[in-house]
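Please keep the sequence and the model in view while reading.

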Amino acid sequence: MDGSWLMKLPGDDTGSTRMYGMHRRRLHAALLDAAGDAEVSTGMRVVHIDPGNAERQATIVVNTQGGEQRTTADLVIGADGVHSRLRSVLLPERKVVSSGYTSWRAIIPAVELITDKFAMSWGPHAEFGALPVGHGEVYWYGYAKCPPGTNFPDESVAVRERFADWHDAAQFLIAGTAPGCLMRHDVWVLDKALKSYARGRTVLIGDAAHPMLPTLGQGANSALEDGVTIGRLVPPRTRDIPAALRRVDQQRRPRTQGLVRQSAAMARIDAHLGPGWRQQVGNAMFRSMPAGLAQRSGGSFLNWQVPGRP
Ligand SMILES: Cc1cc2nc3c(=O)[nH]c(=O)nc-3n(C[C@H](O)[C@H](O)[C@H](O)COP(=O)(O)OP(=O)(O)OC[C@H]3O[C@@H](n4cnc5c(N)ncnc54)[C@H](O)[C@@H]3O)c2cc1C
């Protein structure tokens, strides 16, 4: 938290230690562009689903401004986030639980950073990080222990106070953030891993299927992998969609649930580490760890291959 370096990962040719930041708005625009002339409807809230089966299409019930609508589909991809309505209908026994942590985040006009690469720092029960996201903008986050549902009268004051004794770069980024650019979200996970992501003609992906702590930075990345895998394993005119979705589940569940476990394990030795001697032990461990070893263990989960077509 004082800004002294614990470890610097060397650059490499595989890109496994290079972090690329992208504004969600630009990611959405790129995905929309890639969707070509597909019809995209927004402003609808899914309230119910019948997942269908090999013989019967899935049925989705949505709430729109004009009232409730039912629609049928050959394939439903449930990407409705950690508080997924689809999951709660299909798997009501699974509950969302608080991680006990919250995260302030902002994207602000580029300011001079201590490094143009991704840099993160840890302190008692907290992590701060910053990363350029292109287009002259910088993303920063301040992740800290905080009871769920906490209301701060002024979020800007709250984050400034929480990171008041941290290094200059953190102070600088927080101070340079207009209140309207600052957001905060509590971080939620599942009480237990799902036994399957697929049911009939419906498959859950992203945070609906495998919410994870942000300590590996793999939540959105793994959601994109889910999407690519469905594109590969369920191409247009797939005859047996439930069978294809079972293959998606077999491919994705081990990897993503591994990421859930790894992000929790990582948190225990960095962002969730308590004060006092624990910080000293954690810092000593990172200082003494060979950067190559850290790089290789990072590479092990970043090294994902697009699946072949069936
Ligand atoms: C603090 C923090 C830092 C993070 N950092 C990283 C990082 O560095 N790298 C990374 O890869 N990931 C990161 N993540 C994780 C990442 O944000 C999520 O994993 C990712 O957004 C999940 O995408 P998703 O599409 O599954 O869900 P979401 O992004 O939550 O999208 C769900 C969508 O579904 C919509 N929706 C919800 N309910 C309904 C309904 N009933 N009907 C219709 N629509 C509905 C919502 O409006 C929303 O648009 C971070 C997360 C947090 C909290």
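Which residues does Arg94 touch, not counting residues up to four places away in sequence? They are Asp191, Lys192, Ala193 and Leu194, where contact means heavy atoms within 4.5 Å.

This is a predicted model, in which local features need pLDDT of at least 70 and side-chain atom pairs count only at pLDDT 80 or more, while totals for chains, interfaces and linings use all residues. Residues are numbered from 1 along each chain as its sequence is written, and side-chain values use heavy atoms, with hydrogens and water left out.

- Arg94 is located in the loop between α2 and β5; helices (H or I, at least four residues) and strands (E, at least two) are DSSP runs, numbered from the N terminus.
- Arg94 counts as buried because its relative accessibility is 17%, the classes being buried under 20% relative accessible area, exposed over 50% and partly exposed in between, with a 1.4 Å probe and protein chains only.
- The side chains of Arg94 and Asp191 are joined by a polar contact of 2.8 Å. Such a contact is a pair of N or O atoms within 3.5 Å; within protein, one must be able to donate a hydrogen and the other to accept it, and residues adjacent in sequence count only if both atoms are side-chain atoms.

**The nonpolar cores**

- The largest nonpolar core has 25 residues, of which Val76, Val203, Leu204, Val234, Leu245 and Val248 touch the most other members. A nonpolar core is a set of buried Ala, Val, Leu, Ile, Met, Phe, Trp, Tyr and Cys residues joined through side-chain atoms within 4.5 Å.
- At least two residues of this core come from each of β2 (58-64), α2 (85-90), β11 (202-204), α5 (206-209), α6 (219-233) and α7 (241-269).
- With four residues, α7 provides the largest share of this core.
- A second, separate core of 17 residues has Ala126, Ala130, Phe163 and Ala170 among its members.
- Leaving aside residues up to four places away in sequence, Val234 touches Leu75, Thr229, Ile241, Ala244, Leu245 and Val248.

**The ligand and its shell**

- The ligand has 18 residues around it, and Arg24, Val46, Asp207, Ala220 and Asn221 come nearest; a residue is near a molecule if one of its heavy atoms lies within 4 Å of it.
- An N or O atom in the side chain of Arg24 is 2.8 Å from an oxygen atom of the ligand.
- A nitrogen atom of the ligand lies 2.8 Å from a backbone N or O atom of Val46.
- Between an oxygen atom of the ligand and a polar side-chain atom of Asp207 the distance is 2.7 Å.
- On its own the ligand has 990 Å² of accessible area, and the protein covers 67% of it; the areas come from the Shrake-Rupley method with a 1.4 Å probe.
- The shell around the ligand receives the most from α6, which gives three residues.

**Loop residues**

- Gly217 is in the loop between α5 and α6, and its relative accessible area of 35% is why Gly217 is classed as partly exposed.
- The C-alpha atoms of Gly217 and Ser263 are separated by 8.3 Å, although the two residues are 46 apart along the chain.
- Most residues other than glycine have a negative phi.
- His135, which is not a glycine, has a positive phi of about 55° and is in the loop between β7 (126-132) and β8 (137-145).
- Arg237 also has a positive phi, near 70°, and is in the loop between α6 and α7.
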